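Reader: Could you walk me through this model, a few residues and pairs at a time? I would like the cut-offs along the way.

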Amino acid sequence: MASSVDIIDFSHYLRSFMGASYNLSTNPQLTETIKGFINNRRKEFLFSDMFLLMKSLDGSSIRSIPTKSVGFAVLSVFHDYLKGDGDKLTCDQATSLASLDFAVILHHQLWIEKICDVFQISSAPRDLVVRKIRDLIDKHDYTTAAWIVKALGFHDSFSIYDIALPLVAQDKVNVLESYMEGSPRVTREVIQFLDSCSRSISGLDEIITRVPGVKTEKIHPKIFTKLVKRLIKIFNVDSSVCPNVSLHSGIGTLRFLVSRKYISNTLDDDTWHETVKQTVKDERKLQIELLNLLCEVSAVSEAKKWSDLFSIPEDQLPYPLQVYDEASNTASNSTSNGWDNLWDDEPSSAKSVPELPDLEMHLGEEDIKFINDEKEFIAMIDEIVEYYTLVSYDSEWKPMICPLSKNVVKVALIQIATWDNIFLLDVLALRESNIWKRFMHEIIDNANLMILGYGIAGDFKNLRTTFPDLKFEPKNVIDIGPLSDMILEQVKIPVCKTPDDCKGLAKLTALVLGKKLQKAQQFSNWEARPLRPEQIKYAALDVYSVLKIYEKLYELCSSKSLDFAKILDSFTGKTIRSQPLVLDQMELDPNDSIQFPKLPVREFKCVVDTMLNGLGVKLRLIGADVHILPNNFKHESAAIIAKKENRKILSSGKAYERLKNLVPPGHCFNVMSLGSTENQMMRVIKRYNLIVKESDLLSRCTKCNCEKFISADHQTMLHWLKENRTLPSGCPINYGLLQAAKNKSPTSEFFICSSCGYIYWDGSHLSSLKTHFGLILTT
């Protein structure tokens, strides 16, 4: 054995490193110095020598922090040596037990784990080691005891009453969770015990009396219920281990579903039936609880349907069901105020909140594109990258109705909205596609593409769990929620009142847009295929609402002379390339500096490039002669049509850069794709100095661009409908539109497009258009 003098001298030398970094990866000189010492020692005394060296370095530094300790650096280098050249060496019993005593003094989990591993304490006589751990338990040092037991894997030598439950009483949850790792038996027994405490804490009486430092404020059934739910998720334990908490969670879920269905009316029938079945399953107590809840909201007939489905004996039914008269669909003594007893926090003023109009899309059904094959997937990526600098993002997944569910959330549908299209990406159909790597790189990681979302961090988290092997780091993302809070705080405008049960994106839509965002499909099964039309509409509206909120925020900032781009900069901490349009500060291409004389809008002829269909429809609404290029046409086709028909070209992005060189200066205009179609239209009106009058509105068919109409009164239209008359050209008339005009006055006049048979009539929509376009109309 080496003399202690040699070791002390070397420890003094190592202390010269105390002003330097103890991180071995950044201090190779320290590493090599320790290795040299190890290689020069006699192998039969190496463990005792290294223990003495470590102790001499840190013996006076009780509870020293490993990352700031030369002694821990020595221990780490010795550990690596034992995994390599010294893998055949064994530690003597005396040194093992002495190192354990030293680890207790240091009282740090990293120290204990490393010392137990290096000095092979698990190989020492088990009874001696267990006795030392029990000494710690007798001294009420449950934390150090837990660290040692975990490091050695000695869980089987102790019951949960020795270490685990005292840690619960002292509210040392992090230590408890660490202790439970690696021992399914301890995990199961702890969760079972805590589950019993979720009903009654009497089982903890002996522990509370015995253990010092008990956090009495944490000894409560509700606290234990939450702890069980947490442990179930962390350790992926089946919920059958905790029947009390499972029942409690199931009842909470049923309360939520009943509230959604019968109080806020935000759950449709299909979703209601599906989620209730998923929640109650074959659990009789939950089935009966469902019946009680339904009776309390006077939904007795619905409760009767479920009781028949569950085949519940009559003596177990709630009283309203026992006296239910199916013929009259009533239950004697049933009341409608039972809900107030169930939901004490129901706002009494909820009914005073005015009903808001539903949010509607300006896009048509043909603009909602369901993507479920690789060819469409690639086309979507290409379109977004080439034409857009701003999109909104959302995703849907099968709801985890039960809080104790072990299932990992995986995205079933991704929604991406532009100003012209909404893409619904079927993740289930495309999950094995190799295109996802490109999607992550060119869409999610694209610094030149601003991605808007609401609670978008959660969407990206679920995207990572869906594709764990794909790495992505979003570069240009804004959460519309915090951005709205910041802007609404600055503009100081009155906002719409919302019911208390209106939350999340629905509440933000109501506050900012004054519209109601329907959420009835939120908890539907998004893994079911095919998706129902209601689900498709919900998914599209959800992601579309984010774009509309963003647009409204810009308008609010403009009305208050606030610099929207500057707010975005301060919000993101970096320059945002994609910004809303500021008409008074338009930066034009040199080719667009040519001034045009005033021109009546009906004399303005243009061809709208692909991906700008929405703009084309808007311009037709105000009377412009617009040729809309189909999406499957090449961009160069716009130049051919423009030359042949003497039209201006409206384009954007890279396509504009190509097309502007194919026509005379000023004949190709970059409308930019980042704004809404209304903003784009305003740019065109300003650029070409167009004059728009009230008489121009709806002077041209928005479907086919024709400006010739056939007029007919109400009786004539009904006669034509009866005869199924066609246009003189043989084209059928779109009589289906008459359904929307059933309640019109008999004096209403109808106008049929002479080219495509589309029907128009004077109505409230015309006055709405006049109001909407009021700012651009010339009197």
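Reader: Thanks! In which helix is Glu383 found?

Author: Happy to start there, with a word on the basis of it all. This is a predicted model, in which local features need pLDDT of at least 70 and side-chain atom pairs count only at pLDDT 80 or more, while totals for chains, interfaces and linings use all residues. Residues are numbered from 1 along each chain as its sequence is written, and side-chain values use heavy atoms, with hydrogens and water left out. Helices (H or I, at least four residues) and strands (E, at least two) are DSSP runs numbered from the N terminus, and the run 374-387 that holds Glu383 is helix α20.

Reader: Which side chain of opposite charge is nearest to Glu383, and how far away is it?

Author: Lys and Arg count as positive and Asp and Glu as negative, with His and the chain ends not counted. A salt bridge needs a side-chain nitrogen of Lys or Arg within 4 Å of a carboxyl oxygen of Asp or Glu, and Glu383 has none.

Reader: Which backbone oxygen does the side chain of Gln287 reach?

Author: Gln287 lies in helix α16, residues 284-296, and is buried at a relative accessible area of 5%. Beyond its neighbours within four places in sequence, Gln287 is in contact (heavy atoms within 4.5 Å) with residues including Val280, Phe310 and Ile312. At 3.2 Å, its side chain reaches the backbone oxygen of Lys281.

Reader: Which residue of β13 stands opposite Ser651?

Author: Ser651 belongs to strand β12 (residues 648-651), where Lys648 and Leu650 are buried on one side and Ile649 and Ser651 on the other. Strands pair if DSSP finds at least two bridges between them. β12 pairs in the parallel sense over three bridges with β10 (residues 605-608), and also over three parallel bridges with β13 (residues 668-670). In β13, the residue opposite Ser651 is Asn670.

Reader: Which residue does a cis peptide bond join to Pro530?

Author: Pro530 sits in the loop between α25 (504-513) and α26 (533-559). Omega of the cis bond is about 0°, and the residue joined to Pro530 by it is Arg529.

Reader: What is phi of Asn236?

Author: Asn236 lies in the loop between α13 (221-235) and α14 (243-262), and is partly exposed at 47% relative accessibility. His107, in the loop between α5 (93-106) and α6 (109-118), has a positive phi of about 50° although it is not a glycine. Asn236 is also a residue other than glycine with a positive value, and its phi is near 55°.

Reader: What separates the C-alpha atoms of Ile219 and Gln170?

Author: Ile219 is in the loop between α12 (205-210) and α13, and counts as buried at 11% relative accessibility. Not counting residues up to four places away in sequence, Ile219 touches residues including Ala169, Ile201 and Phe224. Ile219 and Gln170 are 49 residues apart along the chain, and their C-alpha atoms are separated by 9.5 Å.

Reader: Why does the pair of Asp696 and Arg602 tie together parts of the chain, and how far apart in sequence are they?

Author: Their side chains meet in a salt bridge of 2.8 Å, N to O. Asp696 lies in the loop between β14 (690-691) and β15 (709-713) and Arg602 in the loop between β9 (599-600) and β10, so the parts tied together are 94 residues apart. Asp696 is buried at 7% relative accessibility, whereas Arg602 is partly exposed, and its relative accessible area is 37%.

Reader: Are Arg647 and Asp625 buried or exposed?

Author: The side chains of these two meet in a salt bridge of 3.1 Å, N to O. The pair links distant parts of the chain, with Arg647 in the loop between α29 (636-645) and β12 and Asp625 in strand β11 (residues 625-628), 22 residues apart. Both Arg647 and Asp625 are buried.

Reader: And how many salt bridges are found in the whole structure?

Author: Glu707 and Arg700 form a further one, at 3.4 Å, N to O. Asp268, Asp270, Arg532 and Glu534 are linked in a network. A search of the whole structure gives 30.

Definitions and conventions. Buried means under 20% relative accessible area, exposed over 50%, partly exposed in between (1.4 Å probe, protein chains only). A polar contact is a pair of N or O atoms within 3.5 Å; within protein, one must be able to donate a hydrogen and the other to accept it, and residues adjacent in sequence count only if both atoms are side-chain atoms.
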